[in-house]
Amino acid sequence: MPSPLVVAELVRSGFVEGHHYGSVVALDAAGDVTWSVGSVDAAIFPRSCNKPIQAWAMVRLGLDLPDDLLALVCASHSGEPFHLLGVRSILESVGLEVSALQTPPDYPLDDAAREAVIRAGGSKDSLSMNCSGKHAGMLATCVVNGWDTSTYRDPGHPLQQAIHETFAQATGEPVAAVGVDGCGAPLLSASLIGLARAFRALALGIDGLGQPDPAARRVADAIRRHPANVSGTQRDEAILLGAIPGAVGKAGAESSYAVALSDGRAFALKTDDGAPRVRPVLMAEALRRSGVLDEPGVDGDAVRRTGRVELLGGGLPVGEIRATF
């Protein structure tokens with residue numbers, strides 16, 4: 001982002017002690033930019049926000065899973081027991097072992113799950129890594145199409161080429177940069193406008209040209225029905241999706257976040273410093289600014305709670321992170 005602006009301030013004991021810089025965009029139901037802050041048309045790496053779009057491509061390629069497991073393919077999961085069981089189920093459905101995963105070993109993201117592994121004398125493993133659902137989906141898609149499973153992370157692999165094509169169609173812009181994500185899979189760039197546009201298409205169940213797309217609908221419905229599978233039972237993303245009927249969304253590393261509503265309105269954001277603590281603050285404010293929290297059926301208080309990040313002093317709240325746009 002060449003020109004991020006101040007989007008949040010850290011207020012401790014009534015004193016502003018720091019700032020977060022970033023960019024935010026909001027699209028209306030027709031897909032037009034209704035307001036924005038900072039740089040929203042420059043290429044960024046949306047990190048795990050890309051996962052539902054990658055899953056969309058996999059469904060187009062023939063991946064056919066129950067909704068709870070398809071939601072896991074979209075996930076940066078917390079490593080809770082039901083997440084790990086689900087990843088195993090995806091692999092078993094195509095006759096693969098956990099050893100086929102090429103995710104780097106890691107502990108579960110969830111505090112309780114991670115502590116349970118450590119208390120039991122366990123160590124980091126590929127199954128617990130938060131991207132293992134996506135990788136299991138990639139492997140299953142390879143099996144369905146008769147493709148090599150040992151090179152599925154290679155950008156030149158047919159799977160990754162097909163994901164690239166769907167991603168460009170969904171965002172409505174060419175991929176400006178291809179990197180390597182933290183999990184080792186290819187990482188495709190998009191602008192915040194393009195990212196919001198892709199989530200709008202998912203939420204509406206349409207392709208990049210506005211035509212009905214059953215694969216997009218499948219992915220969106222899986223996220224709607226199983227938000228905790230996409231993140232975790234204690235995560236702010238799951239709480240937000242549960243509070244806004246019909247919403248789809250995904251958070252990513254480096255403080256990226258995209259959410260789309262059932263009517264096609266969509267929001268995307270990223271901070272320049274990548275601090276995860278400010279991400280839910282900004283999304284809650286973006287939704288409030290657009291009037292979403294006061295709409296019928298929306299649990300505005302629940303969304304507001306996801307956007308409250310307290311600053312502690314002596315173990316007690318003495319301040320907060322406050323959105324400034």
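Strands β7 and β8 form a hairpin with five residues between them. G264, in the turn, has a positive phi of about 105°. Strands here are DSSP E runs of at least two residues, and helices are H or I runs of at least four, numbered from the N terminus. This is a predicted model, where local features need pLDDT of at least 70, side-chain atom pairs count only at pLDDT 80 or more, and totals for chains, interfaces and linings use all residues. Residues are numbered from 1 along each chain as its sequence is written, and side-chain values use heavy atoms, without hydrogens or water.

Stay with β8, residues 266-271. Five bridges join β7 (residues 256-260) to β8, antiparallel; pairing requires at least two DSSP bridges. A260 stands opposite A266. Strand β2 (residues 15-27) also pairs with β8 in the antiparallel sense, over six bridges. There, G22 faces T271.

Six of the six β8 residues are buried, meaning under 20% relative accessible area with a 1.4 Å probe, protein chains only. A266, A268 and K270 point one way; F267, L269 and T271 point the other.

Now the core. The largest nonpolar core has 101 residues. Such a core joins buried Ala, Val, Leu, Ile, Met, Phe, Trp, Tyr and Cys residues through side-chain atoms within 4.5 Å. Helix α7 (residues 192-204) gives the largest share, nine residues. W56 is among the residues with the most contacts inside the core. Beyond four places in sequence, W56 touches residues including A198, A201, L202 and V219; contact means heavy atoms within 4.5 Å.

K51 lies in helix α1 (residues 51-60). Its contacts beyond four places include C74, N130 and K250.

Technical notes: Buried < 20%, exposed > 50% of the residue type's maximum accessible area, 1.4 Å probe, protein only.
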